[in-house]
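Reader: I would like to go through this model and ask what stands behind the terms used for it. Please set each value against its cut-off.

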Amino acid sequence: MLKAKIVLISALVSCALVSGCKYDKKSSVAIEFMHSSVEQERQAVIAKLIERFEKENPGISVKQVPVEEDAYNTKVITLARSGSLPEVIETSHDYAKVMDKESLIDRKAVAQVINGVGEGTFYDGVLRIVRTEDGSAWTGVPVSAWIGGIWYRKDVLAKAGLEEPKDWQQLLNVAQKLNNPGSKKYGIALPTAESVLTEQSFSQFALSNQANVF
């Protein structure tokens, strides 16, 4: 993720360069890029980025491989077992640690990309998240992040005589005072199903309380 004004990072996404791929200099190279943007609109944007990349790098062709988010990690495991992982994979920072543990990350290639762009291009905190436990390498190149936040209506708070919450305790107090299940009105809504969205929503609570990826 390049430097920008970020409110809160709830799920950092990095691009991992998979080990075991051949980097021999050839006149033409074809690589696969696996990502979780299955929506047609997002694939169209990625296609334009690929087109620009191929124009700037003659001899390199890129094929995008979209995979549903909830099936993503299982797909990585399946492809790893068959020895057919794509050369570049978009993955969450936590799962990149799992891939690194299984020696699926080409640490040298990742370092080459980060050093080529310059460490100063990224926030220190972002690079810290993708650092290996011993601090000697990175598990991926940060490319994007979710903006986690709590959205509320000022007019509802004003009507109830409540101030805008500034911390988690104040948020809890506001949610409790606005909660009225009998009228089908709830103080706060949070996902609880076993899904990636639930994990992403919880991450903002964890990260803002100095939690580390486990």
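**Terms and values in a predicted model**

Author: Ile114 is a place to start: leaving out residues up to four places away in sequence, Ile114 touches Glu119, Phe122, Leu127, Trp138, Gly140, Val141 and Pro142. The model is a predicted one.

Reader: What makes these residues contacts of Ile114?

Author: Contact means heavy atoms within 4.5 Å. Glu119, Phe122, Leu127, Trp138, Gly140, Val141 and Pro142 are listed as touching Ile114, so each of them has heavy atoms within that distance of Ile114.

Reader: Which residues have the most contacts inside the largest nonpolar core?

Author: Ile114 is one of them, along with Met34, Val76, Leu85, Ile89, Met99 and Val110, in a core of 29 residues. Two or more residues of this core come from each of strand 1 (9-17), strand 2 (29-35), helix 1 (40-56), strand 3, helix 2 (72-81), strand 4 (88-92), helix 3 (93-101) and helix 4 (107-117).

Reader: Why is Ser37 called buried?

Author: The relative accessibility of Ser37 is 12%, and the cut-off for buried is under 20%, so Ser37 counts as buried. Ser37 lies in the loop between strand 2 and helix 1. Not counting residues up to four places away in sequence, Ser37 touches Arg42, Gln43, Ile46 and Pro66.

Reader: Why is Ser61 called partly exposed?

Author: Ser61 has 34% relative accessibility. Buried would need under 20% and exposed over 50%, so Ser61 counts as partly exposed. Ser61 sits in strand 3 (residues 60-66). Leaving aside neighbours within four places in sequence, Ser61 is in contact with Val29, Ala30, Ile31 and Glu54. Ser61 and Ser28 are 33 residues apart in sequence, with their C-alpha atoms 7.7 Å apart.

Reader: What makes a residue part of the lining of the second largest pocket, and which lie nearest its centre?

Author: Lining residues have an atom within 4 Å of a pocket point. For the second largest pocket there are 28 such residues, with Ile150, Trp151, Tyr152, Ile188 and Ala189 nearest its centre. The pocket holds about 600 Å³ of space. Helix 7 gives the most to the lining, with 5 residues. Strand 5 (141-147), helix 6 (154-159), helix 7 (168-178) and helix 8 (196-207) each supply at least two. The lining divides into 18 nonpolar, 7 polar and 3 charged residues.

Reader: How many helices and strands are there in the chain?

Author: The chain has 8 helices and 5 strands. Of its 214 residues, 32% count as buried.

Key. Residues numbered from 1 in each chain as written. Predicted model: local features only at pLDDT ≥ 70, side-chain atom pairs only at ≥ 80, totals over all residues. Heavy atoms only, no water. Helix = DSSP H or I, 4+ residues; strand = E, 2+ residues; numbered from the N terminus. Buried < 20%, exposed > 50% of the residue type's maximum accessible area, 1.4 Å probe, protein only. Core = buried A, V, L, I, M, F, W, Y, C linked by side-chain atoms within 4.5 Å. 1 Å grid on protein atoms, 1.4 Å probe; cavity = no way out; pocket = protein on both sides within 12 Å on 5 of 7 lines; lining within 4 Å. Points joined across faces, edges and corners; volume = space filled by probe spheres on them. Nonpolar A, V, L, I, M, F, W, Y, C, P; charged D, E, K, R; others polar.
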